[in-house]
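Dear colleague,

I am handing over the structure that you will find just below, and after it I set out what was found when it was examined. Please read the notes with the structure open beside them.

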Amino acid sequence: MIFPGEHFIVMLLALPLSAAILNLLLPRRPASAVLLLAAVVLPPTAAGLGAAVLSGGTISYQMGDWAAPLGIRLHADGLSALMLGLASVIGCAISFYATSYFGDESAPADRRRTDMFQPVWLIGWTGLNGLFLSGDIFNLYVCLEILTLTSICLIAVAGTHASVRAALRYLPVAIGGSLFYLLGVALLYGAGGVLDLELLADRASHAPPFLAAFAFMVTGLLIKAALFPVHYWLPPAHANAPAPVSALLSGLVVTAAFYILLRISSGLFVHLETLRWAELLGVLGSISVLWGGLQALRQDRLKMVVAYSTVSQVGYGFLLFPLALAGGAAAEYAWNGAVYFAMAHAVAKAAAFLAVGALMHQMGHDRLHEMEGAAWRSPFILMSFAMAALSLMGLPPSAGFVAKWMMLKAALLSGQWGYAMVIVGGGVLAMAYLFRVLEIAMRTPPEDAPPLHVPRGLAVPGMVLSVAAVLLGIFSDLPLRLLQVGPVIAQWGRIAP
Amino acid sequence: MTTAALYLSTGLVVFVLGTFGLFWHSNLVRRALSLNFMAAGVFLFLVALGRRSPAPFPDPIPHALVLTGIVVTVSATALLLVLVCRYHETAESESAPPPPLREGKNDANDEGPEDNAT
């Protein structure tokens, strides 16, 4: 091949990083152009990596040609390529949206602050890409921290009291979660003597340090992914951030934490055949699904509804563990379903937050009971929200439907009826809280309410993501084939039924 | 080996203390300190791991990890403190409702002995 896959790996890291530096150095207008250029170039680059992985299998890249135990190995298999594609599409939409959102209307003093959105977001994007490409547990930690610190900055970027407060709620939990993960890394290094995920997998055993490391890492990641008992920080933080940042947090940051959990559990801990932890994660996930859904029903701010929906949807991913450990064909369905679910949720939730943000931008608030007739006042935005909702509810032909279908199949194949009921019940709850929003929006608007003119820059990116969420459901074959590339499936398949 | 074990377990104890502080306190500066406790615990643990190697020299990799970890923790602490300052500035200028996250009266007695923080 003339253009080997390794180059895509390097580009996925170098592009956003150099764009971030350029963005800091350049004056305002060219700086925005740099952001948009990077946002346009990254999706094709990720697609290129996907094509390379699909045709040539897993790609490994030794940075500086240092071999694995000493050097840092970058690594792209089907799962990484899919996640990178996901991040680049959502990232592209967020970049365009944000340039409109933090546009020219704000006062010069505010503008200087919101200008900081661009470089910080590009650095966060670098961290995100690095995270999906990391092949060792410490590198995962570093990228996770880059992502965490930048998302805290982004929550606070508007500098208002509410946003700083949201950032302050998020920071201690987020950094604390990372430190739990870091202690797990330390334990693993102590027990295995290496940091590389593949080398560690060969040395994994039932020794107490491995079990303790698992406990710490999973605790840290549960906090960051906001699973049930440690979910309390998510709704206020996600709801009070500026709209593009909410989309980023709910769409990508939560998914990144879930991705690390997938990576370490399939690379390392799948070898620990103690099933109890899987059941525990499954039960916590189920409670999350139901609790998040119930809370979403009770909210009267639209952004809080969408944020609680994230708590509910995150729970689904964790059903993977009990479903997959049943082994056999169920494991494969569960695995495909859970990853597809994470993708479907990321796209649809980002779309939903962008739509809500556009509405808020025009109406000045997101109080549900004052949103009567929003659908008539701004049909395009509501259409975009409704299409995202379609996927969040899991109705055909959306991506959410395909994912839930596969997970349901796994639950039925392995005879775990309880989880099947949770999957269906969560969908019913999602319908309840999303139709509630749509019903209010469809009412006849008050007489004096003028139509809302949403700028195109705020309307189109959300719509693109909503359409993507539906298209992911119709054309699910290609992503699923890409997902099969790499050792992960084989590791789950090895579990005896 | 027993010395290393002592350091390892001390690291764990410090980490647990920090975790406890993080979830117990609502005072933001105390939370920042708790985060640093947690980090110090992990770092102590890592440094002690380096001592375990049989060679005459300690294992350098955990030390490199500690250096990276320190950079991250210092940045996080700085960010947290800046946000705390910003929080109080905006609270004054926007005359927002009294801060529920932290019950201290003003910046001067952040680390003072007020006990309503817990």
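Chain B contains 3 helices and 0 strands, and its elements, read from the N terminus, follow the order α-α-α. Please keep in mind throughout that this is a predicted model, and that the values below are computed from it. Of the 118 residues in chain B, 43% are buried, and among its contacts with a separation of 6 or more, 57% are between residues 24 or more positions apart.

Chain A has 22 helices and 2 strands, and 63% of its 497 residues are buried. Among the contacts of chain A with a separation of 6 or more, residues 24 or more positions apart account for 82%. The C-alpha atoms of this chain occupy a box of roughly 70 × 55 × 45 Å along the principal axes. The radius of gyration of chain A is 21 Å, which agrees with the value near 23 Å that a compact globule of 497 residues would have.

Among the lining residues are Val254(A), Phe258(A), Gln313(A), Phe341(A) and His345(A). Sorted by class, the lining of the second largest cavity has 6 nonpolar and 4 polar residues, and no charged ones.

Several individual positions in chain A may also be worth a look.

His75(A) sits in strand E2, which covers residues 73–76 of chain A. With a relative accessible area of 5%, His75(A) falls under the 20% limit and is therefore buried. Its side chain makes a polar contact, at 3.2 Å, with the side chain of Arg73(A). Beyond its neighbours within four places in sequence, His75(A) is in contact with residues including Thr58(A), Phe132(A), Glu198(A) and Arg263(A).

Gln299(A) lies in the loop between helix H12 (276–298) and H13 of chain A, and it is buried, with a relative accessible area of 14%. A polar atom of the Gln299(A) side chain lies 3.1 Å from the backbone oxygen of Gln295(A). Leaving aside neighbours within four places in sequence, Gln299(A) is in contact with Met304(A), Val305(A), Tyr308(A), Leu368(A) and Arg436(A).

Asp366(A) is found in the loop between H15 and helix H16 (374–377) of chain A, and at a relative accessible area of 4% Asp366(A) is buried. The side chain of Asp366(A) has a polar atom 3.0 Å from the backbone nitrogen of Lys303(A), and beyond the neighbours within four places in sequence, the residues in contact with Asp366(A) include Asp300(A), Arg301(A), Leu302(A) and Met371(A).

Gly425(A) belongs to helix H19, residues 417–442 of chain A, and is partly exposed, with a relative accessible area of 24%. The C-alpha atom of Gly425(A) is 7.5 Å from that of Leu290(A), although the two residues are 135 residues apart along the chain.

Two points of backbone geometry remain. Most residues other than glycine have a negative phi, and most peptide bonds are trans. Ala226(A), in contrast, has a positive phi, near 60 degrees. This alanine, Ala226(A), is placed in the loop between helix H9 (208–225) and helix H10 (234–240) of chain A, and at 0% relative accessibility Ala226(A) counts as buried. The peptide bond that joins Pro396(A) and Pro397(A) is cis, with omega at about 5 degrees, and Pro397(A) lies in the loop between helix H17 (379–393) and helix H18 (399–413) of chain A.

Terms used
Residues numbered from 1 in each chain as written. Chains lettered and ligands numbered in written order. Predicted model: local features only at pLDDT ≥ 70, side-chain atom pairs only at ≥ 80, totals over all residues. Heavy atoms only, no water. 1 Å grid on protein atoms, 1.4 Å probe; cavity = no way out; pocket = protein on both sides within 12 Å on 5 of 7 lines; lining within 4 Å. Nonpolar A, V, L, I, M, F, W, Y, C, P; charged D, E, K, R; others polar. Helix = DSSP H or I, 4+ residues; strand = E, 2+ residues; numbered from the N terminus. Buried < 20%, exposed > 50% of the residue type's maximum accessible area, 1.4 Å probe, protein only. Polar contact = N/O pair within 3.5 Å; in protein donor to acceptor, adjacent residues only side chain to side chain. Contact = heavy atoms within 4.5 Å. Rg over C-alpha atoms; globule rule 2.2 N^0.38 Å.
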